[in-house]
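Hi,

Here is the structure I promised to pass on. Have a look at it first, and then read my notes below.

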Amino acid sequence: MAEQGSSIDYDFQAHERPLFEAWKEAGYFQRTPGTPEQKDHPYTIVIPPPNITGVLHMGHALNDTIQDACIRRARMQGRPTRWVLGTDHAGIATQTKVDKKLADQGISRLDIGREAFVEACYEWYREYGATIVNQISGMGCSCDYANEHFTLEPAYVRAVRQLFTDWYHNDLVYRGKRIVNWCPHCTTAIADDEAEYVDEAGHLWHLRYPLTEPVDGLEYLVVATTRPETMLGDTGVAVNPKDERFAHLVGKTVRLPLVDREIPIFADWHVDTEFGTGCVKVTPSHDPNDWAMGEAAGLPRINIFDETAHVVEGFGRFSGMDRDEAREAVVAAFDELGLLEKVEEHAHSVMTCYRCHTKLEPWESEQWFVRVDGLKADAARVVEDGSIRFHPARWKQVYLDWLGNLKDWCISRQLWWGHRIPMYYCDSCGWEDASVEDVEVCPACGGSVRQDNDVLDTWFSSQMWPYATMGWAEEGNDAPEIRACYPTQVLSTARDIMGLWVARMVMSSMYCTGQIPFEHVIIHPTVMGADGKPMSKSRGNGVDPLVLMENYGADGMRFGLLLQVTGAQDLRFDENKLVSSRNFANKIRNAARFVSMNLEGYTPGEPVAATPADRWIFSRVAGLVKAVDEAFDAFEFGEVTRLLYGFFWNEFCDWYIEFSKARLSGSPEDRLACQRNLMFVLDQSLRLLHPIMPFVTEEIYQELPFERDSQLLIGAAWPKAEALAKYADAQAERAIQMVCDVVSAIRSTRSRYGISPKEPLAVVVKAGADDAELLQAQRALIEGMANTASLSIAPDADKPAQASVALVPGLEVYVQLTGLVDFDAERARLRKEQAKLAKDAEKFRKKLSNPGFLAKAAQEIVEKDTAKLAELEEALAKVEAQLAELG
Ligand SMILES: [Zn+2]
Ligand SMILES: [Zn+2]
């Protein structure tokens with residue numbers, strides 16, 4: 001069959017776009033009505049809203065394919081279906097981009113003020129917000145484009161204000177001073193899980209702290225620290241209560257150099273006796289552990305930095321220095337005073353801002369927090385009791401562990417772009433309250449009020465996504481969309497936002513709606529580069545889904561990505577799988593073309609399984625539908641693609657179409673029966689393939705005269721396993737499986753010995769009694785497809801002399817080679833090859849058993865060599881088997 005559309009010049013977009021428009025036009029992207037029997041079970045997915053700063057990356061490509069496959073299958077099953085689409089305002093990400101855009105024009109956000117800046121952010125949203133949605137549509141995703149949501153749309157803003165106000169009135173949010181991860185560049189707090197850890201070759205400074213009064217001749221203690229500048233804020237020195245070296249010092253004081261502050265020496269179990277000297281300086285305002293020790297010991301807190309990490313007033317010459325200058329100056333001062341004991345090299349990891357990569361400063365500031373203890377019990381229960389299920393199942397424990405370790409959530413951000421915290425304050429009388437509506441005047445004194453300056457963490461609004469997009473703000477649980485289709489069915493997402501997003505959605509949904517937000521959580525694998533490392537620009541191992549779609553079509557990319565999904569956590573991107581998928585799409589086109597070119601005289605009608613080959617393929621279709629359903633229901637998308645690929649290519653194209661050729665040139669009745677069966681199997685296959693390869697399947701569905709239950713394949717019925725069960729026929733499957741195996745064995749013998757397909761061969765098959773009988777009945781098929789001179793099938797057949805042997809399950813196939821092969825020359829050739837393969841294999845075996853090599857070589861090299869060795873060993877075994885065959 002001729003190849004079609006295999007080259008990169010094939011214009012996929014030109015073929016795909018009109019089909020997409022046809023689906024859209026026909027209304028399939030909004031909630032579909034569903035069939036009468038399925039009407040009560042709407043199927044809804046909310047898309048993880050991409051950031052308005054985003055462009056389609058490989059993670060989206062995989063995740064959106066998974067969601068579209070689920071939605072399309074449910075739609076074909078007759079369920080009312082809707083895939084809710086929208087974007088996230090992405091507070092800090094967008095603010096950073098807009099800041100940069102303004103900076104390029106020489107404008108600072110501080111110059112233009114809050115209102116103008118927020119307007120500039122909306123401008124960004126209008127300009128770029130649609131980019132990623134267009135890209136999603138290019139993939140063929142059947143989302144509800146007509147009802148796109150945005151996390152800052154008016155109804156959403158109202159929903160967020162309602163939740164904040166409710167939590168405030170129920171004491172689930174509170175304001176407090178805490179140590180937060182502070183970015184001195186972005187001047188905002190950053191959530192723990194938004195921080196990135198970076199390894200740093202730092203130092204450990206050993207500083208002498210003089211005792212206020214010498215103890216037993218001891219004049220000073222030595223503390224070790226990676227951040228000497230924070231000593232300006234020290235309010236204590238701690239030792240472990242078990243540590244006998246220092247027991248007699250507990251209760252004494254040191255006089256802190258440079259600031260001349262008398263601070264206590266106290267005992268705390270948190271102190272690690274192994275770290276540094278065993279004495280630690282305690283800076284409650286600049287370290288979360290020290291904060292906790294300070295609370296327990298009742299130490300005062302001294303904040304030494306302002307919001308840009310410059311030393312505040314009151315520290316003499318250090319005041320006004322940034323943290324790096326302060327570090328140098330403090331160390332120099334200790335050195336001058338003879339109090340610098342020593343400096344060691346010390347590698348450690350530091351937290352950095354995920355937006356700007358500035359080192360974060362643990363900083364004490366006033367922030368808003370969510371009291372999570374009141375929320376997490378419900379969120380844990382609904383996962384423990386199986387109301388929400390994770391796929392793969394191991395993520396259940398990850399989720400529960402995350403919840404178990406959850407601390408109060410800092411939700412305020414010192415940004416301008418986002419949901420402004422709806423807290424109002426009256427400075428005249430001290431009144432304050434949260435409010436859903438704007439407050440203009442103080443209800444207590446009639447004075448003027450001001451709103452809190454901070455905005456909420458982006459995840460505060462994202463956690464409401466499943467129900468805030470369904471009218472919850474206006475009508476709560478009575479909103480029609482919520483009544484009809486809440487909880488949603490599936491949430492598909494990446495593992496890195498399991499805690500940030502998934503768990504928080506469950507917490508807030510349980511609180512706001514009393515219901516779980518979704519029944520199934522799919523944690524899809526992370527798409528890594530071909531080298532197994534995270535895709536990144538600097539590594540140059542990234543791939544762009546937009547380029548992939550140009551080269552392989554949306555279908556090729558979708559199918560090829562799912563083909564790579566296993567239960568593993570990571571997916572090492574393999575472009576060859578996309579090549580296979582593009583070839584597969586061509587195979588489907590070519591099979592359809594073969595059918596369409598043989599439709600002369602065709603009239604529609606029931607398929608009838610007249611021949612064993614018919615019974616076999618119908619039985620295989622029945623089995624396929626069942627297996628595909630099971631794989632879909634278990635969210636095993638890789639398995640779905642492998643089943644479909646194997647069936648369509650290896651069974652339908654390689655065998656059934658071949659078997660059909662003789663019948664198509666037979667009697668008119670036989671020809672018609674064969675046409676109907678071909679159309680039936682093709683039709684069922686297109687339906688099963690449609691959720692993953694929507695374009696090529698729709699294109700063919702439009703071209704061929706199928707008996708259609710829907711004008712468009714997108715709305716056609718999903719094959720029903722129960723209805724097809726009548727076709728199950730184990731005997732026909734066994735018979736034709738044997739035919740295929742025997743024909744394949746004969747063909748591979750031909751290619752192994754270079755025997756022309758035109759040369760008729762004498763073939764003997766040894767089989768068990770039942771198999772022999774089944775196979776006898778199909779001898780015509782074997783003779784036709786394998787070009788045999790003679791074919792004998794018997795349970796007690798002997799291997800003829802000078803014959804090849806092929807073992808296939810339950811059978812032995814002998815092909816007579818006398819007169820066809822020069823045995824001596826063949827043996828000589830094989831021995832030479834055997835020697836070469838053995839030598840090569842030995843080389844790799846030696847290398848791979850050398851501990852020196854294994855210790856030094858990169859993981860990829862070792863893997864490559866191991867694969868190479870396996871390949872050589874396999875080839876060697878084949879050659880040896882062939883030698884044995886020749887005797
Ligand atoms: Zn930053
Ligand atoms: Zn007032």
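How many helices and strands does the chain have? There are 27 helices and 29 strands, taken as DSSP runs numbered from the N terminus (H or I, at least four residues, for helices; E, at least two, for strands).

Before you dig in: this is a predicted model, where local features need pLDDT of at least 70 and side-chain atom pairs count only at pLDDT 80 or more, while totals for chains, interfaces and linings use all residues. Residues are numbered from 1 along each chain as its sequence is written, chains are lettered from A and ligands numbered from 1 in written order, and side-chain values use heavy atoms, leaving out hydrogens and water.

Overall, the C-alpha trace spans about 110 × 70 × 55 Å along its principal axes. Of the chain's 887 residues, 54% are buried (under 20% relative accessible area; exposed is over 50%, partly exposed in between; 1.4 Å probe, protein chains only).

Now the metal site. Cys 426, Cys 429, Cys 442 and Cys 445 coordinate the zinc ion (ligand 2) through their SG atoms at 2.2 to 2.3 Å (donors are N, O and S atoms within 2.8 Å of the metal, or 3.2 Å for Na, K and Ca; water is not among the atoms, so sites may look incomplete). The spacing in sequence is C-x2-C-x12-C-x2-C. Cys 429 sits in the loop between β18 (423–426) and β19 (432–434), and Cys 442 in the loop between β19 and β20 (449–451), so this pair ties together parts 13 residues apart in sequence. Cys 429 is partly exposed at 39% relative accessible area, whereas Cys 442 is buried at 2%.

Cheers
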